[in-house]
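Subject: Structure for your files

Hello,

My notes on the contents follow it.

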Amino acid sequence: MNRTWVAHVSEQDSAALLERVARLAAGPEQGVFGPDSLLWRVNREAALFLGAGRAALLQLAHPWVATALKEHSSVLDRPIARFHNTFRIVFTMVFGTLEQALAAARHLYELHTHITGRMTEDVARYRQGSLYEANEVSALRWVFATLVESALVAHDSVLPALAAGEREQYYAESCTLAGLFGIAREALPADWSAFADYNREMQESDALGVSGTAREIAKSLMAGTGSWIHPPRWYRALTAAWMPVRFREEFGLAYGERERRAADRALRMLPRIYPRLPGAMRFAGPWQEARARLARRRPGVIASASNCFWIGEPRMPFGGPERRARATIVK
């Protein structure tokens, strides 16, 4: 396959997708999904942090993502910024008002219009000097897929797994979320089973491949370089355990007997501890903020502190003229 990309997302495409999302939304204050959705139920869980490393590394396995991050981002110096920026966008789309969610999507599209360049090395099917761009459907689809799949891997490791029907509902709602990323429903697998097949096929294909750049960024991320958040050994072991064997090897992740024991111990202990956590610790700040909004009250200190951990600021962005919109994805 010699084509550099499959389909560019134009400004008109993005606008049409956002119009469709707005028509499907739960309501102006409830946002796109609302409190009765499975996206609210799953994505409120702090346990999603368990899958963040896995999702980040799988994204880096796409050579375009790794190259774009190195050339358009400060992720090597401030890896925690990548975490904050990703969750700031995703949580605002999920838990924000309809206005906030649509504004986050427009901002993301605009940011992506500036993320273009040429590959700096041969990796998988991509040749040095070939073009890459962020607003391209197949690349967007892979990043989106890593977030959806890793969220359920993490959720189901500490809480009762979603039933088959719930999993289909969660995927259907996620397909609406994909519209905010610039991905049309027609460009996504039809159902959860097809989505699982897509992930397996991608993981085995030459559409992915770990470059030297990807390994450099991954090492920085997993060490917490330049950040106060330093993933403990058990977290690194769990991330390695959840990675497909191919990418565990390509990233050079340690996964010997000591790491296996650490991952197994975490998977035994976390389901016992996690459900007993107080809600202030267990539920992410953006969900707490959304609940306060629907109750017509201001978010409390605990919600603001949780937001600072998850999104790097005390409130979700794009909330009105009184607050400066600061959401970014790679800067």
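Arg200 and Asp197 meet through their side chains in a salt bridge, 2.2 Å from N to O; the term stands for a side-chain nitrogen of Lys or Arg within 4 Å of a carboxyl oxygen of Asp or Glu. Please note that this is a predicted model, in which local features need pLDDT of at least 70 and side-chain atom pairs count only at pLDDT 80 or more, while totals for chains, interfaces and linings use all residues. Residues are numbered from 1 along each chain as its sequence is written, and side-chain values use heavy atoms, with hydrogens and water left out.

Both Arg200 and Asp197 sit in helix α9 (residues 192-204), three residues apart, about one turn of the helix. Helices (H or I, at least four residues) and strands (E, at least two) are DSSP runs, numbered from the N terminus. An α-helix has 3.6 residues a turn, so residues three or four places apart point the same way. Arg200 is partly exposed at 44% relative accessible area, and Asp197 is partly exposed at 30%. Here buried means under 20% relative accessible area, exposed means over 50%, and partly exposed is in between (1.4 Å probe, protein chains only). Elsewhere, salt bridges with shared partners join Arg44, Glu45 and Arg282 into one network.

The structure holds 14 salt bridges. One of them pairs Glu149 with Arg54, with 3.2 Å between the closest N and O atoms. This pair links distant parts of the chain, since Glu149 is in helix α7 (residues 137-158) and Arg54 in helix α3 (residues 52-60), 95 residues apart. Are these two partners buried or exposed? Glu149 is buried at 16% relative accessible area, and Arg54 is buried at 5%. Another salt bridge runs between Arg127 and Asp122, where the closest N and O atoms are 3.6 Å apart. Arg127 is partly exposed, with 43% relative accessibility, and Asp122 is partly exposed as well, with 48%.

Next, the interior. A nonpolar core is a set of buried Ala, Val, Leu, Ile, Met, Phe, Trp, Tyr and Cys residues joined through side-chain atoms within 4.5 Å. The largest one has 103 residues, and the members that touch the most others are Leu60, Met93, Tyr170, Leu177, Leu180 and Phe251. Helix α7 gives the most to this core, with 12 residues. In soluble globular proteins, nonpolar side chains tend to be buried together. Leaving aside residues up to four places away in sequence, Phe251 touches Leu57, Leu60, Ala61, Val210, Ala214, Arg215, Ala218 and Met243; contact means heavy atoms within 4.5 Å.

In helix α11, the buried residues are Tyr235, Ala237, Leu238, Thr239, Ala240 and Trp242. They pack against α3, α7, α10, α12 (245-250) and α13.

Now the pockets. On a 1 Å grid over the protein atoms alone, a pocket is an open set of points where a 1.4 Å probe fits, with protein on both sides within 12 Å along at least five of seven lines, and lining residues have an atom within 4 Å of a point. Grid points are joined across faces, edges and corners, and a volume is the space filled by probe spheres set on the points.

The largest pocket has a volume of about 440 Å³. Its lining has 17 residues, and Ala46, Phe49, Tyr274, Leu277 and Met281 lie nearest the centre. Helices α11 (233-242), α13 (257-273), α14 (279-282) and α16 (301-311) each give two or more residues to this lining. The largest share, three residues, comes from α16. By class, the lining has 16 nonpolar residues, one polar and no charged. Nonpolar covers Ala, Val, Leu, Ile, Met, Phe, Trp, Tyr, Cys and Pro, charged covers Asp, Glu, Lys and Arg, and the others, Gly among them, are polar.

The second largest pocket has a volume of about 310 Å³. Of the 17 residues that line it, Met222, Arg236, Gly252, Leu253 and Ala254 lie nearest its centre. Its lining takes two or more residues from each of α10 (212-223), α11 and α13. The lining of the second largest pocket divides into nine nonpolar, two polar and six charged residues.

Lastly, backbone angles. Arg296 is not a glycine but has a positive phi of about 60 degrees. Arg296 is in the loop between α15 (285-294) and α16, and is exposed at 65% relative accessible area. Phe318, also not a glycine, has a positive phi of about 65 degrees. Phe318 lies in the segment after α16 and is buried at 13% relative accessibility.

Regards
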